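Dear colleague,

Please find below the structure that I am handing over to you. My notes on it follow directly after.

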Amino acid sequence: MEDEERLCISSCCSDWMSEMPSGFWDIPLWNLAIPGSHDTMTYCLDERSSVLKSSPRVLQLLDSWLPCIVRPCIIKWATTQEDSISNQLDLGIRFLDLRIAHKIKDPDKVFYFAHGIYSLLTVKEALAEVAHWLDQHTKEVVIIALSAFDGMNLDQHKDLIQFLISTFDNKICPNNIIPSLWHCWNHNYQVILSYDDSAASGYEELWPQCEYWWANTSDPKHVISYLEERKTEGRPGQFFAAGLNLTEDAKYVLSHPCQSLQSMTLSSYSLLLNWVKQQRPGPGKSCVNIICADFVGAFSSEFTQLVVGLNQTLLKETCLTNLP
């Protein structure tokens with residue numbers, strides 16, 4: 001029972017992968033339960049920036065006329081995290097959901113994050129922070145999913161890809177293996193880069209899109225029913241994420257003027273976490289892999305402890321399989 005006790009992660013989850021019992025070392029990472037943050041970089045949205053050029057024309061016009069009203073409202077409903085990227089990693093988050101964008105008037109090789117509006121931090125600054133964190137936690141493996149790429153052309157994709165490769169270098173796990181903790185440790189791999197664009201074709205350093213199950217509703221009960229329906233269809237063969245995040249629409253925002261995404265999410269957190277408690281990882285059709293949430297540090301590391309703790313079912317199944 002010693003291994004099972006060690007899997008009950010303490011309040012500090014910064015090195016939970018390195019502390020996993022040996023029974024987990026050979027399991028493919030896409031068969032483990034891994035905690036992730038939805039829209040990881042929204043803790044640093046820039047209220048002084050304009051809305052994205054891909055935004056609806058009406059929103060762009062409103063932003064040009066009434067930025068002092070539009071931008072604070074966007075931040076209230078677009079901020080999904082409060083903790084910095086390093087703090088999220090310290091909390092045990094091992095899946096980073098990065099939505100990339102380029103500002104039209106900026107230099108070609110400067111990239112930001114975006115969710116309605118642009119971030120204060122650049123991609124270079126944030127990923128340098130991740131690389132530094134990994135240097136301090138050499139047995140932790142982080143899945144970084146890059147997507148959206150608002151306002152980017154092919155040459156800019158190539159620049160971004162070269163930056164990713166040069167930043168993480170030998171830490172990058174190639175896409176032609178089945179990654180497990182043991183395999184990653186043996187080769188000093190710490191980063192799995194998922195790149196959701198055809199520009200990634202031909203790069204062994206880049207993995208394909210990580211499928212994200214998104215319910216697109218403000219009702220937590222509908223989020224749960226949607227995820228349960230997706231489970232009946234069967235899990236993908238490699239990495240995929242189940243999103244616990246709630247999503248507001250214009251009608252909801254207008255009818256709840258005193259709310260924010262944070263208040264809406266936290267009022268539903270217990271219901272969503274109860275769903276997490278009922279899940280199990282593994283290769284089975286209805287098994288989960290990455291579970292993403294908003295405001296992952298809202299209750300200390302409760303969310304990550306719950307997700308990581310799901311892996312205990314794999315240990316129990318292994319013990320039962322090995323019984324004479």
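Leaving aside its neighbours within four places in sequence, which residues is Asp108 in contact with? The contacts of Asp108 are His102 and Gln156, where contact means heavy atoms within 4.5 Å. Asp108 is placed in the loop between strand E2 (95-101) and E3; helices (H or I, at least four residues) and strands (E, at least two) are DSSP runs, numbered from the N terminus. Between the C-alpha atoms of Asp108 and Ser147, which are 39 residues apart along the chain, the separation is 18 Å.

As to the source, this is a predicted model, in which local features need pLDDT of at least 70 and side-chain atom pairs count only at pLDDT 80 or more, while totals for chains, interfaces and linings use all residues. Residues are numbered from 1 along each chain as its sequence is written, and side-chain values use heavy atoms, with hydrogens and water left out.

Strand E3 (residues 112-115) and strand E4 (residues 117-122) run antiparallel and are joined by three bridges; two strands pair if DSSP finds at least two bridges between them. Ala114 has Tyr118 in E4 as its bridge partner. The hairpin of E3 and E4 has one residue between the strands, and Gly116 takes a positive phi near 85° there.

The largest nonpolar core has 64 residues, of which Ile100, Ile144, Phe168, Tyr195 and Phe303 touch the most other members. Such a core is a set of buried Ala, Val, Leu, Ile, Met, Phe, Trp, Tyr and Cys residues joined through side-chain atoms within 4.5 Å. Buried means under 20% relative accessible area, exposed over 50%, and partly exposed in between (1.4 Å probe, protein chains only). Helix H5 (residues 123-136) gives the largest share of this core, seven residues. Not counting residues up to four places away in sequence, Ile100 touches several residues, including Phe111, Leu146, Phe149 and Leu160.

A search of the whole structure finds nine aromatic pairs. Rings of Phe, Tyr and Trp (its six-membered ring) pair if their centres lie within 6.5 Å; planes under 30 degrees apart count as stacked, over 60 as edge-to-face and the rest as tilted. Tyr269 and Phe299 form a tilted pair, at 5.5 Å centre to centre and with 45° between the planes. This pair links distant parts of the chain, 30 residues apart: Tyr269 is in helix H11 (residues 269-277), and Phe299 is in the loop between strand E10 (290-293) and helix H12 (302-309). Tyr269 is buried, at 6% relative accessible area, whereas Phe299 is partly exposed, at 42%.

Trp25, Trp182 and Trp185 form one aromatic cluster. The charged end of Lys139 sits over the ring of Trp185, 4.1 Å from its centre; this requires NZ of Lys or CZ of Arg within 6 Å of the ring centre and within 35 degrees of the ring normal. Lys103 likewise has its charged end over the ring of Tyr112, 4.1 Å from the centre.

A disulfide is a pair of cysteine sulfur atoms within 2.5 Å, and the count by this rule is zero. Cys287 is in no disulfide either, as the nearest cysteine sulfur, that of Cys210, is 16 Å away.
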